[in-house]
Structure formats: structure tokens, C-alpha cells
Amino acid sequence: MSDTLHTIIKSDVYAGLASLKDNSIDVAVTSPPYWGQRDYGFEGQIGNEEKYEDYINKLVTIFDLLKAKISEKGVFFLNVGDKYGSKYGRTPLLMIPFQLAYMMVQNGWYLNDILIWFKPNHMPSSVKNRFTNSYEPVFVFSKSKINIYQEGQNKLFSNPKVLKVTLQATPYKHVAVYPEKLVEKLFEKVQINDKTTFLDPFAGSGTTLKVAKRLYPNNHTFMIECNSDYVEIIKERCNLNGNYAVRDEIFTEYEVIKQNFNDNQNFDWIESYILNNKSKGLLKIFNKKEEYYHFINSVFKEHNNTKSNYKSVFFVGSRDYNIDLFNFTSKLNTKGWIVRNLIVVEEEDGWFPIFLIVHD
């Protein structure tokens, strides 16, 4: 390990990760650019892909390289926001974070937990046919089941799986800053000592570095950022006037891993339930995911009757879930239905999903 405490790698994320030693990172925290959100002004940037499937493919490829850099007991916190198929209208929630996490698990990552970042001061939405999404998932990955992730201990005052953190204003030009308090709460969930090494592969304005430097001033950090303006922001914001280095890496072309997005689930899609019951809506919450799967398979199936009369609204949830359940539910968007919202229901020491499902 170098004597330099803080290293900013000015390059694309793939080249930056490739420059790191294998098994050298203990805690990685990042929030990559969201799909279709904004233009960061350089060719090949993450988030400007024509299809969200291409976005997921790129991130799976990048995080596959990251997996080699994570130590055997290391942990990777990944925050990704979701998107709708289009800004307005009768359009599905694409469930991008959960499809990405599902693909990463298929590619060898171990998913320890799904945390929820709830934003009490979230921006309201002007769209009237769906609820405002006031949360984002934070996935807790590792490459082995035995790792340094641990649950929060203070369950009397806070839910260890629902992190209530307000959005944070910033004077800097970077427009997608996640709050320092969120990073602090994530750090509380891992065993950190004076030899723990931190990484943010999409450093942005340096939030991860700022928190790590303040809480663990003698630990090594690595930040990867390709934008020169943001590199200067990191240096100023994190007060890097001492032991740091900025190094350039040559931008790297890489082969993207292609995932299989085809529906290989054994669905028997029939919609007769709505017609036979003349239902205007339904609320079902299951305690076992097998019951949830059975209900979805028995209700939302193909039928020859006209679909244009369907105005029912379904709220279907499961207290028992894993990443497969989210991926399973996302396939409704390819079967003539729309997953309009994923509603987070907070319980005493956790949360569970309820999906708002309507006809297209």
C-alpha cells in the first residue's frame, strides 16, 4: 500500500478500477449516474445509453471488475435510482436497480441486504397517475458470505434497514450529490479499523472521501473521477492540502458482458380474474414469497377477452422476499401490465415491498 493517504484517479471508471490491486479495497460506496438522467459531457459515459438494458450491461461489466478489487471480507454499497419508461403517461417503473442487482448476483456477487434510503424532503411529482417515489434502494454486496457487514445495533430509535436521510444542498456545480449523512450511516454498518481502505468508483464531488477523511483520517481512500472540474471540487471540498495524489490513467475500451433479459420464467399469463370478479381493485399481502408467486401466476395471465375494459388497480406485496422476487415482478412490464410503483412499507426492524400493478 502506498504511503499516500488519498488518491484521485482521473480516468474512466473501467481504467481506474483496472489500475487498482486485486483484493485491496475493504469498503466501496458509490452511486453511479442514473440512466437517462443527465449528460455529463463526454463520449461513452454511463447513463446515456439508448436502452436501459445496455446501461445495466455496462454496470454489470464494471462491477465485475470491481469484484476482483474487493478484499475477501470487503463490502460494496451500491445506490441506484429507478426510472420510468417515459416522463409522463401510462408507462412502467422499469425497476432498473433490482434488475441490475439480480444480474450482479447471477454474475457472482453475494447480496447481503437491501437497505432503503428514504428522503423525507423528496421532490414532489406532477404526474397524477402514480405515487411519488420518495426512496432509493442501497444494495449491500460482497464476494463472500463471511464479510465485515453488520446490522445496526440501536433498534430502539431507528430501523436498521430504512435510512431516513434528507437531501443535502451543496454550493458546488455537481448536481447529483448524495448526502454525507447517508454515507455515515452506511459506514456504521461495517467493521472498520485503521487499516480499512475505501473506494468510490464514481466519485463525483467527493462525498465518500469527505466522510471517510473526517471519520477515519488515517485510512487510505481511492476516488475515481474522469471530469477535471469535479476533481478540483473534490480537492477543495475535502480540503486535500496534504497527503494526496492525482494520477491519470489512459481511457480504456472494454467488452461489455451481455445479460439475458429474456423472460425465462414459467409464467402462465391469464387475466380472467378481473373479468370474472368485476373487481375495481385488490390488496393482497403475503407472508411467504411462494404464495406471492402463486398469486401472480394465477391472476395475471393471458386471455382472449378484450383488455380495454380493465381499470382495476392491484396492490400486491410480500413480507418474504429476495432479489429474485423483484426480477420476477419486473417481467409483468413485458406481459401487457404495468408496474406503476414499488411502495416501501416500513416495519419495526425492516421493510417489505407492495407493487402497484395496473393494465396498460
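1. The crossing of helix 3 and helix 9 is left-handed. This comes from a predicted model, and the points below should be read with that in mind. Helix 3 covers residues 96-106 and helix 9 covers residues 323-330; their axes come within 9 Å and cross at roughly 125°. An angle over 145 degrees would count as roughly antiparallel and one from 65 to 115 as roughly perpendicular, so helix 3 and helix 9 are oblique to each other.

2. Which residues bring helix 3 and helix 9 together? On the side of helix 3 they are F98, Q99, A101, Y102, V105 and Q106, and on the side of helix 9 they are I323, D324, F326, N327 and S330. By class, the residues of this contact between helix 3 and helix 9 are six nonpolar, four polar and one charged.

3. Helix 3 also packs with helix 2, which spans residues 52-69; the two axes come within 10 Å and cross at roughly 40°. That angle makes helix 2 oblique to helix 3. The crossing of helix 2 and helix 3 is right-handed. Helix 2 contributes Y52, Y55, I56, L59, V60 and F63 to the contact, and helix 3 contributes I96, Q99, L100, M103 and M104. The contact of helix 2 with helix 3 has ten nonpolar residues, one polar residue and no charged residues.

4. For the chain as a whole, the secondary structure comes to nine helices and 13 strands. The protein chain has 360 residues, and buried residues make up 53% of them. Taking contacts in the chain between residues at least 6 apart in sequence, 78% join residues at least 24 apart.

5. A15 sits in helix 1, residues 13-18. Is A15 buried or exposed? Its relative accessible area is 4%, so A15 is buried. Leaving aside residues up to four places away in sequence, A15 touches E249, I250, F251 and T252. A15 and D248 are 233 residues apart in sequence, yet their C-alpha atoms are 9.6 Å apart in space.

6. N219 deserves a separate look. N219 lies in the loop between helix 5 (207-215) and strand 8 (221-224). With a relative accessible area of 3%, N219 is under the 20% limit and therefore buried.

7. Not counting residues up to four places away in sequence, N219 touches L5, H6, I192, N193, D194, K195, T196 and F198.

8. At 18% relative accessibility N227 counts as buried, because the limit is under 20%. The side chain of N227 reaches the backbone nitrogen of D229 at 2.8 Å.

Definitions and conventions:
Residues are numbered from 1 along each chain as its sequence is written. This is a predicted model: local features need pLDDT of at least 70, side-chain atom pairs count only at pLDDT 80 or more; totals for chains, interfaces and linings use all residues. Side-chain values use heavy atoms; hydrogens and water are left out. Axes are lines fitted to C-alpha atoms, for helices over the stretch in contact, and angles run from 0 to 180 degrees between N-to-C directions. Helices (H or I, at least four residues) and strands (E, at least two) are DSSP runs, numbered from the N terminus. Angles under 35 degrees count as roughly parallel, over 145 as roughly antiparallel, 65 to 115 as roughly perpendicular and the rest as oblique. A crossing is left-handed if the near helix is turned anticlockwise from the far one by less than a right angle, and right-handed if clockwise. Contact means heavy atoms within 4.5 Å. Ala, Val, Leu, Ile, Met, Phe, Trp, Tyr, Cys and Pro count as nonpolar, Asp, Glu, Lys and Arg as charged, and the others, Gly among them, as polar. Buried means under 20% relative accessible area, exposed over 50%, partly exposed in between (1.4 Å probe, protein chains only). A polar contact is a pair of N or O atoms within 3.5 Å; within protein, one must be able to donate a hydrogen and the other to accept it, and residues adjacent in sequence count only if both atoms are side-chain atoms.
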